[in-house]
Every structure is written in structure tokens, then in C-alpha cells.
Amino acid sequence: MHKLLILSSLFTLLISSCKSQQDKSVHHATIAPVTFHFNMLTRQQKQAYADAIYPLYKKNLLDKDFNGAILMAKNGEVVFEDYHGYYNFKTNEKITPDDPFHLASISKTFTAMTLLHLWEQGRIKLTDTLQRFFPNFPYRNITVTDLLSHRSGLPNYVYFMDEKKAIITYVRNKRGKRIKIVHLVPSGNEVKGFQTNQDVLNYMIVHDPAILSLPNKKFHYCNTNYALLALIIEKITKMPFPQYMKDSVFNILGMQHTFVFNIADTNKYVPSYQPNQASFKLEKLDCIYGDKNVYSTVRDMLLWDRALYEGSFVKPQTISLAFKPRSLEIKSNHNYGLGWRMLLDGTNGPIIYHNGWWHGNNTVFTRLINDTATLILLGNKYNRNIYSARKMTSVFSGQSDTSRIEE
């Protein structure tokens with residue numbers, strides 16, 4: 001294991017020598033398009049980063065029952081990487097670099113940038129309303145941009161596809177006090193069996209669940225938006241979303257261990273786990289993709305990170321568009337763009353990130369743009385400490401990150 005061998009003054013010198021060339025002043029309202037040209041790290045610089053990271057890794061994760069994979073990179077190069085624990089507790093199969101983890105909501109970054117890639121090709125307009133793709137869709141005036149930025153006002157399928165109704169009764173206890181008892185019972189609209197994205201759309205057309213707000217009035221983080229975006233990509237490309245992502249995104253970027261889990265993969269499912277190692281079984285909403293269901297490795301995610309820095313998948317101007325804050329009615333340094341969360345506090349700089357949670361999977365993809373540094377954390381045994389471990393990025397920025405975490 002690594003040992004902390006570096007003096008603080010030497011580490012400060014290392015940080016300043018590795019800073020990227022771009023301007024450190026970032027306007028809170030936008031991020032200017034930049035094509036990054038990485039400075040290669042020396043072996044000594046890489047080792048210095050690794051020596052500084054390990055004690056933080058031990059304190060924040062290893063000592064707190066971490067089970068998963070971690071990779072930290074600077075200028076596109078790996079400076080720290082580790083695999084700890086079990087990929088399959090039933091078979092005692094230990095985690096390896098080639099084992100893909102469920103990314104949960106980090107999957108939204110792929111859906112968003114793929115849609116923007118199709119927009120660059122002129123195959124879709126961001127102002128298109130959903131009726132272009134789904135003529136019978138009952139909600140009007142919702143645009144593609146509204147879906148990407150979570151401003152559609154649509155309800156979350158995670159709740160309405162498993163709809164319950166409340167039966168309220170009142171009883172009196174031994175002291176005569178009246179007590180309300182709420183029983184949740186099936187509403188008659190709940191679904192059974194594995195559901196698909198098309199099932200979500202059909203349910204909305206038939207049952208018309210109530211909206212949360214009018215389009216583009218408020219930010220409501222909602223998985224329905226990205227399930228519909230995956231369907232839109234299928235309409236445009238005339239291909240199943242998992243196949244298109246494999247052929248036109250993952251394979252193009254060299255992400256050989258990355259795929260979209262779908263209903264055809266249920267016999268290959270590897271579970272995630274509770275803290276007590278009890279496994280999560282497949283449930284009826286586990287085959288819906290776009291909002292989740294991309295599986296990947298930390299090394300493949302580094303290829304995704306590099307493609308974003310280099311502008312090799314979408315243009316730098318498009319990346320800047322995706323990183324433009326769009327939930328400005330919320331008075332916070334936290335914001336949401338097109339498929340990305342961001343922290344624009346003027347201190348660490350823009351931090352572009354997305355976290356994820358689904359069943360036992362906790363995931364973090366954090367990108368310190370000014371420092372061209374990245375943290376990738378993938379866990380398959382539920383552990384909220386994975387989110388707070390973002391403070392480890394202080395080795396790159398020299399700043400302590402104490403900001404609130406958005407899952």
C-alpha cells in the first residue's frame with residue numbers, strides 16, 4: 001500500500017506545476033467552450049498524487065466498509081486506482097478492473113450527450129415538442145430541452161408505475177385518543193412484470209398521471225424525462241437504444257466493458273447488495289433505461305471523461321451548452337444543465353458531476369474542470385460514504401470541498 005511520503009510544501013509545488021492552462025476565472029452563468037491539451041505528468045508527480053490520496057481513501061472509504069472500484073485521474077492520466085471487495089458475494093468473486101458496475105443516474109450523462117450528438121448532426125431540434133415523436137402523448141408544449149434539463153414538469157415513473165392509493169381509517173387507543181391509520185393498497189393502475197420504456201410511455205398515454213408543474217416553470221429531477229429521451233433516440237436512429245449506444249458511443253470510444261442493461265439481459269443479472277450483504281433481486285422497473293442501466297468500469301469511465309475534455313464525441317461548443325445552468329430559480333451554487341449537475345461556487349471552480357443511486361449501487365463521477373482532474377467511484381454495496389468521499393479531490397484543487405452532495 002502507498003504511504004504518505006510527501007511534505008506539504010512539495011505537494012503545493014506539485015499542484016501548481018500541474019495546473020491546466022485554461023483561465024481560472026469562470027462566470028457562474030456559463031462555461032466557455034475549451035479544447036483541452038493535457039500536460040503529461042512525470043512519474044514523480046503521479047507518485048506524489050498517489051501518496052497523498054491513499055490516506056484519504058483509507059479514512060473516507062476503506063475504514064467505512066467500502067466495496068467497489070475507485071479511479072482518480074489528472075490530465076487524463078491515472079494517478080490512483082483500487083478495487084476493493086467482492087463483485088459477487090455469493091461466489092466470493094473479487095472485483096477486477098473488467099467488472100462493470102451499474103452507474104445508476106450517471107447513465108443520464110450518456111443519454112444527454114448522445115442526444116446532443118444527434119442534434120449536432122441535424123437529426124433533431126432541441127425545441128421539438130414530444131408530439132413530434134409521440135403523437136398521442138397527452139402532455140403538451142414539452143420540448144426536448146425540457147426533458148434534458150428536468151424542466152418538463154412530468155411525474156416520475158418510479159412512483160406512478162407502482163401506484164398505490166391510501167385508505168385512511170381512525171381508531172381509538174386505550175386512552176381514547178383518536179389515531180389515524182393509513183393503509184397503502186393497489187390502486188388498480190399498478191403494473192406487473194418487467195416494464196420497458198415503451199410501457200412507461202403507454203402508461204402515461206392511458207392513465208395521464210398528474211403533472212408536477214407546467215413545462216419550463218420549475219426544476220424537478222425526474223427519471224421519466226430520460227426514459228423518454230431514450231425512446232426519442234430510438235425513434236431518430238431506428239435502432240434499439242442499447243444497440244445504438246454500443247455501436248455509436250461505447251465502441252467508438254473504446255469502452256469495451258460498457259453496455260446498457262435491458263430486458264434481454266435479465267438472465268445475466270449480477271445483483272447489488274445491502275450493507276448486510278443481502279442481495280437486491282430484479283424488480284419490475286429494472287429494465288427501463290436512459291435514466292439508468294448503463295453498466296461500466298472506472299477505466300471505461302475515464303475514456304468517457306477524456307472524450308469530454310478533448311471534444312472528440314461532441315464539440316466543445318456543445319459541451320459548453322450542456323454545462324449551462326438551467327435551474328436558476330433555485331438559489332444555490334448547485335445547478336443542473338443538460339444531463340449534468342454542477343457546482344459553481346467560484347472557489348474550486350466549476351465542478352461538473354453526476355452521482356447515482358439505484359438499489360445497492362452508489363456512484364460518483366466528479367470532474368474538476370479547472371484542474372482537469374476526475375474522481376470516479378463505483379460501489380455495489382449500499383454505502384452513503386461514497387458521496388462524501390468527493391472531498392478527496394482536495395488533492396487536486398488544494399481546496400476542501402464541504403458542499404452539499406446531490407444524489
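Helix α3 is followed by Gly-122, whose phi is positive, near 80°; helices here are DSSP runs of H or I with at least four residues, strands are runs of E with at least two, and both are numbered from the N terminus. This is a predicted model, in which local features need pLDDT of at least 70 and side-chain atom pairs count only at pLDDT 80 or more, while totals for chains, interfaces and linings use all residues. Residues are numbered from 1 along each chain as its sequence is written, and side-chain values use heavy atoms, with hydrogens and water left out.

**Helix α3**
- The 14 residues of α3 (residues 107-120) should span 20 Å at 1.5 Å a residue, and the end C-alpha atoms are 20 Å apart, which agrees; the expected span is 1.5 Å times one less than the number of residues.
- Because 12 of its 14 residues are buried, α3 is largely enclosed by the rest of the structure, where buried means under 20% relative accessible area, exposed over 50% and partly exposed in between (1.4 Å probe, protein chains only).
- The buried residues of α3 include Lys-108, Phe-110, Met-113 and His-117.

**The loop residue Asn-156**
- Asn-156 is found in the loop between α4 (144-148) and α5 (157-160), and at 12% relative accessibility it counts as buried.
- Leaving aside neighbours within four places in sequence, Asn-156 is in contact (heavy atoms within 4.5 Å) with Tyr-221, Cys-222, Asn-223 and Thr-224.

**Cysteines**
- Cys-222 counts as buried at 1% relative accessibility, and Cys-287 is buried with a relative accessible area of 2%.
- The structure holds zero disulfides, a disulfide being a pair of cysteine sulfur atoms within 2.5 Å.
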